[in-house]
Amino acid sequence: MYPIIDRQELAKGTMVLITVEAPQIAAKIKPGQFVVLRVNETGERIPLTVAYKDLSHGTITIIFMIVGKSTALLGSLKTGDAIKDLVGPLGAVEEFTNVGTVVGIGGGSGVAVLHHLLQGYAAAGNKVIGIMGSREKDLLILEDEMKGLCQQLIVTTDDGSYGMHGLVTDALKTLVEREKPEPIGLVVAVGPLVMMRSVCQQTKLYNLKTIVSLNPVMVDATGMCGACRVSAGGKTKFACVDGPHFDGHEVDFDELIHRNNMYVRDEKTSILHSIRAK
Amino acid sequence: MTEPKKDELKKIPAGTELTVFCPHCHQGLGQYDPKTGKTWFRLHVKSGAAEGELFLSPVMEDFSKHSTIDLPDGTVVKDLSCPFCRTSIVEKEGHCGICDSPVARLMVLAHSKLIPFFICTKVGCPWHGITKADEQRIKPKVPRQKVPAQDALLRIRNFQEVPYGFTRELALAEAARCLECKNAKCRTGCPVEIDIPAFVKLIKEGKFVEAAQKIKEKNALPAICGRVCPQEDQCEKVCIVGLKDEPVAIGSLERFAADMERETGAVTLPKKAPPTGKKIAIVGSGPSGLTLAADMVVKGHSVTVFEALHKPGGVLVYGIPEFRLPKTIVDGEINYLRRLGVKIEVNALIGKMYDADDLKKLGYDAVFLGVGAGLPVFMNLPGENLCNIFSANEYLTRINLMKAYAYPDYDTPAPKGRQVVVIGAGNVAMDCARNALRMGSREVTVVYRRSRGEMPARKEEIDHAEEEGIKFRLMTNPVKFVGDNQRWLRQVECVQMKLGEPDASGRPRPIPIAGSNFLIEADLAIIAVGAGPNPVVFSGFPGVVREPNGYIRTIGPSGRTSQRGVWAGGDIATGSSTVISAMGCARKAGNDIHEFLTGNGKNWN
């Protein structure tokens with residue numbers, strides 16, 4: 001059992017932050033890597049990317065959006081409760097090289113993962129520019145942390161309730177075409193698949209290398225089942241061991257979006273079943 | 001034995017040509033000799049240091065003979081045995097009616113049945129014959145007992161085990177078929193060398209718990225092996241009874257003994273050697289890891305098994321379905337190991353969470369990699385990533401490990417389909433097909449590129465699948481998966497195959513017939529064409545050299561790898577194989593690990 005030592009609600013309760021005691025994972029995990037957890041005996045195994053680690057306390061922090069039965073179940077746990085199973089670190093270790101300037105683009109709960117990755121790039125000596133977006137002001141997370149990390153931070157909201165009115169891609173366009181900063185060495189995008197697809201379409205035009213962090217359905221997440229297969233560069237890759245980071249220009253996003261919707265109907269069944277059970 | 005009397009020996013007329021059989025294995029002993037035009041009967045003979053063959057005339061009252069060793073008249077041959085099963089045929093009690101030497105027992109075909117027949121063991125003595133009393137004792141032949149099983153129509157609606165196993169009566173009847181061969185072949189057919197004749201004899205005597213304990217001297221997991229071993233290719237293949245009849249049902253008897261021991265609560269722990277102070281890390285809790293853990297803990301070592309998943313058992317819990325191997329059985333065996341003192345750490349992904357150096361720092365003196373062949377093989381066909389196409393690993397893991405058959409009480413959903421295509425014809429393919437049926441699919445078709453004779457699954461599994469209504473499309477290979485505009489699978493395009501010359505595997509090479517393409521309607525496809533080595537563990541073991549195909553290179557049968565203090569066994573060293581072969585590897589590695597940790601030989605290479 002893995003005790004939860006801190007729990008906070010972010011973004012009007014749609015997102016939850018939990019800090020879990022897992023010293024061995026904290027000792028090994030690198031930015032961008034993830035864990036798989038199973039809340040209880042009847043639970044699913046779900047992959048979640050780690051937002052922070054704290055070596056001195058032996059903890060890892062996860063920020064996740066409540067989207068279905070399993071994330072709702074995880075979100076319902078209180079400080080002092082425990083998670084039944086937790087395994088990690090999973091995924092390939094990302095190598096952080098100095099490319100000059102890195103533009104990080106985050107959407108929704110992806111900002112948490114982006115923040116961890118940008119920490120890695122900043123530590124490697126890169127200049128870091130951040131773009132983060134959400135539907136409305138109240139759904140933004142980690143703005144202060146991002147501000148502290150990035151030389152420049154552009155915040156967008158779809159409804160214009162805060163920052164720039166528009167999408168993250170609009171901000172990227174403004175940044176690249178109007179502001180023309182120093183040459184951008186790399187773009188890192190983490191967020192909903194549709195957002196990452198749009199970013200990649202755009203960076204292709206600018207010929208900017210783009211790394212995306214993918215979040216397909218996984219079961220064991222150790223390369224054993226192939227649930228998370230992704231077409232990248234015309235080849236089938238396993239996001240759990242070959243990823244979760246891929247060259248965004250090689251990824252077949254349409255296929256992945258369809259594959260990630262495979263269990264939409266089951267998700268409804270699960271939620272209805274859990275409501276009836278109560 | 002009844003003392004043979006001379007006046008009873010006249011039943012078979014002189015000049016009758018006898019057909020002679022071994023009384024133990026019932027193998028015919030006749031050997032045609034073109035020189036004499038007679039079919040002599042052959043025995044194995046040992047006299048002093050000399051060993052050879054003795055040929056006796058098959059004609060009643062004709063006492064001519066010859067042998068490959070020197071046997072002067074008057075020699076009493078003490079060691080006379082069947083050339084096939086090597087069981088001695090010299091009787092302990094009976095004596096020759098003329099010279100009082102011991103007699104040897106044979107079987108002859110006379111009066112339309114097999115009857116005992118005795119000959120004197122003194123070379124040159126003409127005494128021979130049968131007795132009335134013995135004739136009466138000839139037992140009717142008992143056929144191989146069938147294992148009762150759930151009816152096919154019933155079982156495709158549940159996940160309960162298919163064979164119920166032997167009852168006490170059936171087990172006794174089946175055990176009685178064993179000949180108790182002294183030079184038992186079955187034992188050599190077993191990768192872990194279980195003393196099969198001994199445990200079958202104990203069952204014969206009604207000592208069921210003792211029988212289980214006898215098996216456990218060599219095999220820590222009899223309830224599992226009794227269920228999933230391919231006995232027909234191992235012990236039962238070489239069983240002497242099987243030469244003339246169906247072999248003794250060794251596997252079912254093994255299962256019976258183990259089940260009796262567990263159900264009667266009679267499981268006892270073997271004596272452990274005093275602690276050696278050595279620590280062993282076992283990576284992977286499948287068949288090889290569990291076997292090694294049991295062996296090592298009994299020898300006094302401290303053993304920790306690391307399992308990446310949340311439940312120990314490896315392929316026994318994620319792969320093999322409930323209806324073939326109930327998970328309570330696996331849990332029982334694992335509890336037994338825990339009671340023995342084996343520590344099991346789940347959620348521990350070696351290679352990521354701990355590497356070789358970490359394990360050394362934690363004080364482990366030896367590491368065994370038994371991580372299995374857990375990498376799913378895909379076919380690289382167009383459309384393979386459409387929705388509702390799964391690897392066998394994923395399909396089985398969802399249903400077995402994640403208990404998707406109990407969805408939505410358990411949260412993991414199972415893939416559903418009305419028309420299911422399973423590609424491949426091994427045991428895993430049969431497991432997938434039969435699971436799909438139980439998950440409510442209307443039609444399940446196994447697609448295989450070769451013919452029936454080449455299907456790699458056990459015959460029992462193929463039979464069970466067929467009884468349950470699984471369809472087989474043989475000599476057929478998929479070439480493309482066709483989806484709808486939502487990218488869900490709708491059809492599998494296949495091509496008809498023909499068989500050509502044997503390929504590297506020795507099986508006929510399947511060749512596609514051009515222009516024979518056709519479509520099979522399918523909304524769920526499961527790819528079960530094999531598995532490969534999962535490389536995850538190796539990031540923590542850079543010193544372990546692998547073969548070009550990705551499996552670990554081991555030095556000799558001991559399972560030593562190129563990294564000092566690291567052994568490997570099971571599928572990760574041998575490639576995809578069986579539960580019992582993995583256990584065999586573990587046994588050999590265990591002997592070497594023990595030797596390395598306690599002996600003087602510290603040289604690695």
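Predicted model: local features only at pLDDT ≥ 70, side-chain atom pairs only at ≥ 80, totals over all residues.
Biologist: Why are strand S8 (residues 101–107) and strand S12 (residues 184–190) of chain A called a pair?

Modeller: Two strands pair if DSSP finds at least two bridges between them. S8 and S12 of chain A are joined by six bridges in the parallel sense, so they meet that criterion. Within this pairing, A:Val103 has A:Val187 in S12(A) as its bridge partner. The strands themselves are DSSP runs of E with at least two residues, while helices are runs of H or I with at least four, and both are numbered from the N terminus.

Biologist: What makes S11 and S16 of chain A edge strands?

Modeller: Seven strands of chain A form an open sheet with mixed pairing, in the order S11-S10-S9-S8-S12-S13-S16. Strand S11 (164–165) and strand S16 (245–247) each pair on one side only, and they are therefore its edge strands.

Biologist: Which strands of chain B form a hairpin with two residues between them?

Modeller: They are S3(B) and S4(B), and B:Gly48 in the turn has a positive phi of about 65°. Strand S3 (residues 38–47) and strand S4 (residues 50–56) run antiparallel and are joined by seven bridges. B:Phe41 stands opposite B:Leu56 in S4(B). S4(B) also pairs with strand S5 (residues 65–67) of chain B, in the antiparallel sense over three bridges, and there B:Leu56 stands opposite B:Lys65.

Biologist: How do you know whether the radius of gyration of chain A agrees or disagrees with that of a compact globule?

Modeller: The radius is taken over C-alpha atoms, and the globule rule is 2.2 Å times the number of residues to the power 0.38. For 278 residues the rule gives a value near 19 Å; chain A has 18 Å, so the two agree. Along the principal axes, the C-alpha atoms of chain A fill a box of roughly 55 × 40 × 40 Å, and those of chain B fill one of roughly 90 × 65 × 45 Å.

Biologist: What makes the backbone of B:Asn347 and of B:Met475 worth noting?

Modeller: Most residues other than glycine have a negative phi, and most peptide bonds are trans. Phi is positive in B:Asn347, near 55°, and positive in B:Met475, near 50°. B:Asn347 is in the loop between strand S13 (343–345) and helix H13 (356–361) of chain B. B:Met475 is in the loop between strand S19 (471–473) and strand S20 (476–483) of that chain.

Biologist: Where in chain A is a peptide bond cis?

Modeller: One such bond joins A:Gly88 and A:Pro89, with omega about -5°, and A:Pro89 is in strand S7 (residues 85–90). Another runs from A:Gly243 to A:Pro244, with omega near 10°, and A:Pro244 lies in the loop between S15 and S16.

Biologist: How many contacts, as a percentage, join residues 24 or more positions apart in chain A?

Modeller: Contact means heavy atoms within 4.5 Å. Among contacts with a separation of 6 or more, such pairs account for 64% in chain A, and pairs at least 24 apart account for 66% in chain B.

Terms used:
Residues numbered from 1 in each chain as written. Chains lettered and ligands numbered in written order. Heavy atoms only, no water.
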